Amino acid sequence: MRVIGTGSARPAKVVTNAMLEGMLDTSDEWIRERTGIVERRVISSERLEELAIEAAKRAIEDAGVSPADIDYIICSNVVNEYVTPALSCIVQGAVGAKCACVDVNAACSGFIYALDMADDRIKSGKAKTVLVLAAEEPTRMVDWSDRSMCVLFGDGAGAVVVTEGDELFVSRLTTKSMLDCLYYRRRLEPTPYVETEEISGPMYMNGREVFKTAVLSSSRDISHILKEAGLTPSDIKYYVLHQANMRIVDAIANYLKLDMSHFPHNVEYSGNTSSASVPLLLDTLSREGKLQRGDKILMSAFGAGFTTGACIVEWAK
Ligand code: ACO
């Protein structure tokens with residue numbers, strides 16, 4: 001499998017730490033020190049499906065393929081206004097593709113799960129060209145009066161077009177059922193029959209527990225796939241890590257004993273955009289001309305579940 005195009009889209013509304021200081025008992029200093037975040041983009045006048053469509057169109061244009069050439073669309077998404085149909089179905093119509101579509105929900109690791117599915121689809125001969133995207137609005141899951149949660153998140157969409165190729169692709173996906181440290185539950189429509197109590201409320205996260213689990217699991221996944229690919233940490237040009245918290249990126253860089261030039265980041269301007277964070281950062285790197293043919297890129301993410309995903313791709317654009 002090889003990546004032949006990237007695209008992304010972000011909401012217009014910028015919410016700075018200073019703006020949050022005006023509405024919450026928080027400070028720019030606290031947010032920067034604990035997370036690295038300076039500002040985030042937040043859905044306001046646009047809808048998530050519009051961002052997903054924009055990111056998809058940009059990736060298709062960058063790939064130089066016709067929408068008719070796309071054999072499958074996989075979209076990673078945790079939440080949006082439509083429970084059904086899937087976001088991928090909405091994107092398909094808007095970009096003019098005709099293929100089968102499916103959404104996946106592996107929380108913040110979802111983009112890597114979707115890439116892995118695309119690789120399987122291509123390897124099995126069932127598809128030649130796949131549009132893989134991630135579109136997320138975590139700012140719609142949190143309580144905006146809770147300073148410990150709303151300061152962390154931002155919204156956005158990122159996409160790639162992948163096609164058949166001999167380039168290296170190594171991946172590792174893991175899941176460990178952990179329901180109590182990170183979840184978001186919504187009450188469904190009432191019926192005359194439901195007898196169980198339904199829990200509804202904003203997203204809950206035990207930040208410390210997630211922090212520890214994230215550093216340990218990402219470091220373990222990275223070591224695992226480096227070994228499987230026969231590579232050393234310094235063979236990787238860029239580690240495109242889930243942009244949840246700059247301290248997590250720093251901890252993984254320390255673990256790998258590499259300098260920060262291998263760890264591009266945009267969490268300071270995007271906040272945590274859930275599964276969209278990896279393709280958003282990848283698109284920025286590609287458009288800034290920082291990726292050359294043959295470069296090895298390692299992506300790694302973690303999220304609710306607890307899910308983790310990591311992969312190494314060889315750049316071939
Ligand atoms: N401003 C000021 N003070 C705050 C704020 C805020 N925005 N938020 C919390 N505090 C206070 C707390 O109330 C607490 O005060 P206390 O000591 O008087 O009780 C103090 O700051 C410390 O709070 P902690 O939660 O212990 O702070 P911590 O250093 O653990 O940082 C954070 C919190 C940033 C959430 C960190 O735990 C973290 O990054 N965890 C990982 C989160 C993550 O990666 N999530 C992504 C995966 S899931 C996903 O992507 C959907």
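The structure is a predicted model.

The chain is divided into domain 1, covering residues 2-166, and domain 2, covering residues 170-314. Their C-alpha centres are 14 Å apart. Contact between the two parts involves 47 residues of domain 1 and 42 residues of domain 2. About 3,500 Å² of area is buried between domain 1 and domain 2, and carbon and sulfur atoms give 62% of this area. Within domain 1, C108, I112 and Y113 supply 19% of the area buried against domain 2, which is more than any other three residues.

What kinds of polar interaction are counted between the domains? There are 23 residue pairs in polar contact between domain 1 and domain 2, counting pairs in which both residues have pLDDT 80 or more. The count of salt bridges between domain 1 and domain 2, by contrast, is 0.

Several helices and strands each supply at least two residues of the side of domain 1 that touches domain 2. The strands are β1 (2-9), β3 (39-42), β6 (129-136) and β7 (156-163). The helices are α2 (28-35), α3 (48-63) and α5 (110-123). Helix α5 gives the most to this side of domain 1, with 6 residues. Sorted by class, the side of domain 1 that touches domain 2 has 23 nonpolar, 11 polar and 13 charged residues.

**The ligand and its neighbours**

Which residues come nearest to the ligand? Of the 24 residues around the ligand, the nearest are T26, R34, C108, N245 and N272. C108 is also one of the three residues named above for the area that domain 1 buries against domain 2.

| Residue | Distance to an oxygen atom of the ligand |
|---|---|
| W30 | 3.2 Å |
| R34 | 2.7 Å |
| N245 | 2.5 Å |

For W30, the side-chain atom concerned is an N or O atom, and the description for R34 likewise refers to an N or O atom in the side chain. R34 and N245 are also among the residues that come nearest to the ligand.

**A salt bridge between separate parts of the chain**

The structure as a whole holds 14 salt bridges. One of them joins D25 and R147, with the closest N and O atoms 3.5 Å apart. D25 lies in the loop between α1 (17-21) and α2, whereas R147 belongs to helix α6 (residues 147-150), so this pair ties together parts that are 122 residues apart in sequence.

**Details of the backbone**

Where are cis peptide bonds found? One joins T84 and P85, with omega at about 5 degrees. P85 lies in the loop between β4 (72-76) and α4 (87-95). Another cis peptide bond runs from G305 to F306, with omega near 10 degrees. F306 lies in strand β13, which comprises residues 305-314.

A107 shows a further backbone detail: its phi is positive, about 55 degrees, although A107 is not a glycine. This residue is found in the loop between β5 (100-104) and α5.

Methods:
Residues are numbered from 1 along each chain as its sequence is written. This is a predicted model: local features need pLDDT of at least 70, side-chain atom pairs count only at pLDDT 80 or more; totals for chains, interfaces and linings use all residues. Side-chain values use heavy atoms; hydrogens and water are left out. Domain bounds come from an automatic or database domain assignment. Contact means heavy atoms within 4.5 Å. Buried area is the accessible area (1.4 Å probe) that two parts lose on being put together, summed over both. A salt bridge is a side-chain nitrogen of Lys or Arg within 4 Å of a carboxyl oxygen of Asp or Glu. A polar contact is a pair of N or O atoms within 3.5 Å; within protein, one must be able to donate a hydrogen and the other to accept it, and residues adjacent in sequence count only if both atoms are side-chain atoms. Helices (H or I, at least four residues) and strands (E, at least two) are DSSP runs, numbered from the N terminus. Ala, Val, Leu, Ile, Met, Phe, Trp, Tyr, Cys and Pro count as nonpolar, Asp, Glu, Lys and Arg as charged, and the others, Gly among them, as polar. A residue is near a molecule or strand if one of its heavy atoms lies within 4 Å of it.
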